[in-house]
Amino acid sequence: MRFAVLVLLVTAGTAAAHPPPPPPDDEIDWRDDRALFEWSTWMRLGFGVERTPVDSIARSTLPPQLHDQHTVWDAALGADLTLPLPTAKVRLGPWIELRPQGVFGGGEVSIAGDDLDLFWYRGERVYSLRAGSSMNDITGAFAFGYRCPWKLAGPYNRTTRYMIGVRIVASATRSIDDPEDFSMSLGLEFEPVGSLRYVAGIRSWY
């Protein structure tokens, strides 16, 4: 978590010297001209607790402790795609995520909120709720953060649009076979390529 906070602080300080070019005055707001398919990729870094079965139990006069609880780092690479169902602001779609424990997938509800100025660009607040599973575990997550399109000025493609941003995410995962085998974490999700563009101030990428 400290590493993620440091990344954001360095990002804010560096980008202050390299703001993106302002959109034209007559530009149509991208939120009034949303695409059918909005998709994104992300990297997640977090910290939390994990409860796992103990492989071997030592002899003891006390009842055996079958599970061990300890702190753990959380990391993942993921992608999602949403459609305007039922509305442009409330969108639904699939997601997939690669974790050290395996591949997870499921469905996501994404709700657009009010304006939010971040990274020198007016985007929007976004609330996301995900649920899914792997072959062995079920998982869920709630996220809140900032979202905007990769392309900061129109005209925009109304069929597909790549979205970037950063959000705080709380996630929980539990074994299908053993309810006592679970993990919970709190961390940050961010779009890695867009973050690199922002930190480095690569104007040709805007």
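Trainee: Let's start with Thr82: is Thr82 buried or exposed?

Mentor: Burial is read from relative accessible area: under 20% is buried, over 50% exposed, and partly exposed lies in between, with a 1.4 Å probe and protein chains only. Thr82 comes out at 4%, so it is buried. Before we go on, this is a predicted model, where local features need pLDDT of at least 70 and side-chain atom pairs count only at pLDDT 80 or more, while totals for chains, interfaces and linings use all residues. Residues are numbered from 1 along each chain as its sequence is written, and side-chain values use heavy atoms, leaving out hydrogens and water.

Trainee: Which residues does Thr82 touch?

Mentor: A contact means heavy atoms within 4.5 Å. Not counting residues up to four places away in sequence, Thr82 touches Leu36, Phe37, Glu38, Arg91, Leu92, Gly93, Glu108 and Ser110. Take Phe37: Thr82 and Phe37 sit 45 residues apart in sequence, yet 5.8 Å apart C-alpha to C-alpha. Thr82 itself belongs to strand E2, residues 67–82. Strands (E, at least two residues) are DSSP runs numbered from the N terminus.

Trainee: And Leu92, where is Leu92 found?

Mentor: In strand E3, residues 90–99. Leu92 has 34% relative accessibility, so it counts as partly exposed.

Trainee: Which residues make the nonpolar surface patch?

Mentor: Patch residues have over 30% relative accessible area and no salt bridge, and nonpolar side chains (Val, Leu, Ile, Met, Phe, Trp, Tyr) are joined within 5 Å. Here Leu85, Leu92, Val109, Ile111, Tyr127, Leu129, Phe142 and Phe144 make a patch of about 660 Å². Strands E4 (102–118), E5 (121–133) and E6 (137–149) each give two or more residues to that patch.

Trainee: How many bridges join E4 to E5?

Mentor: Strands pair if DSSP finds at least two bridges between them. E4 and E5 run antiparallel and are joined by 12 bridges, with Ala112 standing opposite Val126 in E5. E5 and E6 also pair in the antiparallel sense, over 10 bridges, and a hairpin of three residues joins E5 to E6. Tyr127 has Phe144 in E6 as its bridge partner.

Trainee: Which side chains are joined to Glu189 by a polar contact?

Mentor: A polar contact is a pair of N or O atoms within 3.5 Å; within protein, one must be able to donate a hydrogen and the other to accept it, and residues adjacent in sequence count only if both atoms are side-chain atoms. The Glu189 side chain has one of 2.6 Å with that of Arg130 and one of 3.4 Å with that of Arg44. Glu189 lies in strand E8, residues 182–190, and is buried at 1% relative accessible area.

Methods. Helices (H or I, at least four residues) and strands (E, at least two) are DSSP runs, numbered from the N terminus. Patches are made of residues with over 30% relative accessible area and no salt bridge: like charges are joined within 9 Å, nonpolar side chains (Val, Leu, Ile, Met, Phe, Trp, Tyr) within 5 Å. Accessible areas come from the Shrake-Rupley method with a 1.4 Å probe; for residues, only the protein chains shown count as cover. A salt bridge is a side-chain nitrogen of Lys or Arg within 4 Å of a carboxyl oxygen of Asp or Glu.
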